[in-house]
Amino acid sequence: MHTSILSGKTYFIRTFGCQMNMHDSERVSGLLDSCGALEVAGPEDADIVIFMTCCVREAADTRLYGQCSSCKSLPAPPSGRRVVAVGGCIAQRDGAGLLTNLDNVDVIFGTHSIAHVAELLEDAFTDGERHVRCEETDAQPATSMPWHRAESYRAWVPIMTGCNNFCSYCIVPYVRGREKSRDMDEIVDEVTGLARVGAREITLLGQNVNSYGRDLFGAPRFAELLRRLGDTGIERIFFTSSHPKDLLPETIDAMAEVPAVMPQLHLAVQSGSSRILKLMNRRYTREQYLDLIDRVRDRIPDIALSTDIIVGFPGETEEDFLETLSLAERVGYAQAFTFIYSRREGTPAARIADDTPREVILDRFNRLVKVIEGSAYAFNQHDLETVVPVLVEGTSKKDATKLLGKSPKNQTVHAPLPEGLRVDDLVGRIVDVKVDTARTWYLSGSVVGQPR
Ligand code: SAM
Ligand code: SF4
């Protein structure tokens, strides 16, 4: 630990957006911890407030302005001076341009500049000036820096950063750069180390994990990575996101054959209409996607499938939308993240004219949500009266006497705390739950046998 002006200062990080951003926040925390700074639960007690931003949709963009200006009315922090920093995708996209509209922000750091966050904050405390750093590529990849894990029993493990796909609606390739895979031995060593110190579950992160290794070896090696991670002793492996065009048969085989790879697959479809998929530059058709789902189900029959769907892409007709509805019905997703298209300046789709009324898009969105709710409910019914191994995360938000955890299919499971046990003794352990109720978004039942 080097002596830093940040030593003893308190910090608070608010994170928007995807898991990659949440993991970046763990890296920022790791760096600040190594300078002796202390994390606190709210911005009011923090000398340093950091917003890790997302620009995938407009709503996240708008929220940042409100959050930054609300810092102005906070009471004075312990050190007497509060430094406000903005990191993540909006910082990368807008850079110094943010300083004009956000007059109380002292530090801006882009997605490739996380390694410099401590020195930027130190400079802001020392000279009272505003500091901006938004490189185009990583001098020091964030994935090689210390990180602060919120829980000891599970971890996010980034295996690659960036994206090469340029889906026509999406800003991510512009703010996260091109695909860059981490060294395979480094990932395996990291996961082996995590398993040794008691982690039981990992989620591998990347915008398109199926193409892991393409930039290193000339061809994807995700299947090999899964097989090697299956031998590390880690008990549960999840991964996200998978692009359908790159999901190879060898990866489906590895998923089916490696016991630690959980029977869950997030496979973003975005639309059920081949016409819209072409405009989205997704590089698969409705038929190819459905064929892929059949092949996955042939090998892993009870797999839980989840997806992302965008409603209201420019020019989407009722006919296109009906194809999305019928695809969702046919697949029977266990879960889906549904989004209303948000125009992102600088992307090719932003140039497509569209006169679809907002009410029509909202109506489609609501109809899609109903279909997803129906399929999620139907999916959960299969687990009624079965015994499900649940990795305990804590208690239910609504009822502290009920434990809450996740099944291998990533379902939320509730059960009353067994007599004589405290939730703190169970967090990070696996309990078997005999399921007696299956609702749309959760299962519940009672604990049988001993925690392990
Ligand atoms: N790389 C991941 C993939 O392709 O599965 C997705 C990453 S992106 C952060 C998460 C989701 O946001 C996308 O799958 C898409 O459904 C949605 N999304 C991206 N751009 C969007 C936009 N302009 N409007 C609405 N939703 C968008
Ligand atoms: Fe965006 Fe497409 Fe890359 Fe996903 S694959 S991050 S949706 S460009």
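Guide: Ground rules first: helices (H or I, at least four residues) and strands (E, at least two) are DSSP runs, numbered from the N terminus. This is a predicted model, where local features need pLDDT of at least 70, side-chain atom pairs count only at pLDDT 80 or more, and totals for chains, interfaces and linings use all residues. Residues are numbered from 1 along each chain as its sequence is written, chains are lettered from A and ligands numbered from 1 in the order in which they are written, and side-chain values use heavy atoms, with hydrogens and water left out.

Visitor: Is Gln 270 buried or exposed?
Guide: Gln 270 sits in the loop between strand 12 and helix 11. Among the residues it touches are Met 280, Tyr 284 and Ile 309. Because its relative accessibility is 7%, Gln 270 counts as buried.

Visitor: Which side chain makes a polar contact with that of Gln 270?
Guide: Such a contact is a pair of N or O atoms within 3.5 Å; within protein, one must be able to donate a hydrogen and the other to accept it, and residues adjacent in sequence count only if both atoms are side-chain atoms. Here the distance is 2.7 Å from the Gln 270 side chain to an oxygen of ligand 1. On the protein side, the 3.3 Å partner is Tyr 169.

Visitor: How much of ligand 1's accessible area does the protein cover?
Guide: Around the ligand are 15 residues (a heavy atom within 4 Å). Backbone N or O atoms of Gln 207 and Ser 342 each lie 2.8 Å from a ligand nitrogen. Of the 560 Å² that ligand 1 has on its own (Shrake-Rupley, 1.4 Å probe), the protein covers 92%.

Visitor: Which elements give two or more residues to that shell?
Guide: The shell divides into seven nonpolar, four polar and four charged residues. The elements giving two or more are strand 13 (304-311) and strand 14 (335-340).

Visitor: What percentage of the chain's residues is buried?
Guide: The chain has 15 helices and 19 strands. Of its 452 residues, the buried share is 56%.

Notes:
Nonpolar A, V, L, I, M, F, W, Y, C, P; charged D, E, K, R; others polar. Buried < 20%, exposed > 50% of the residue type's maximum accessible area, 1.4 Å probe, protein only. Contact = heavy atoms within 4.5 Å. Lists of a residue's contacts leave out its neighbours within four places in sequence.
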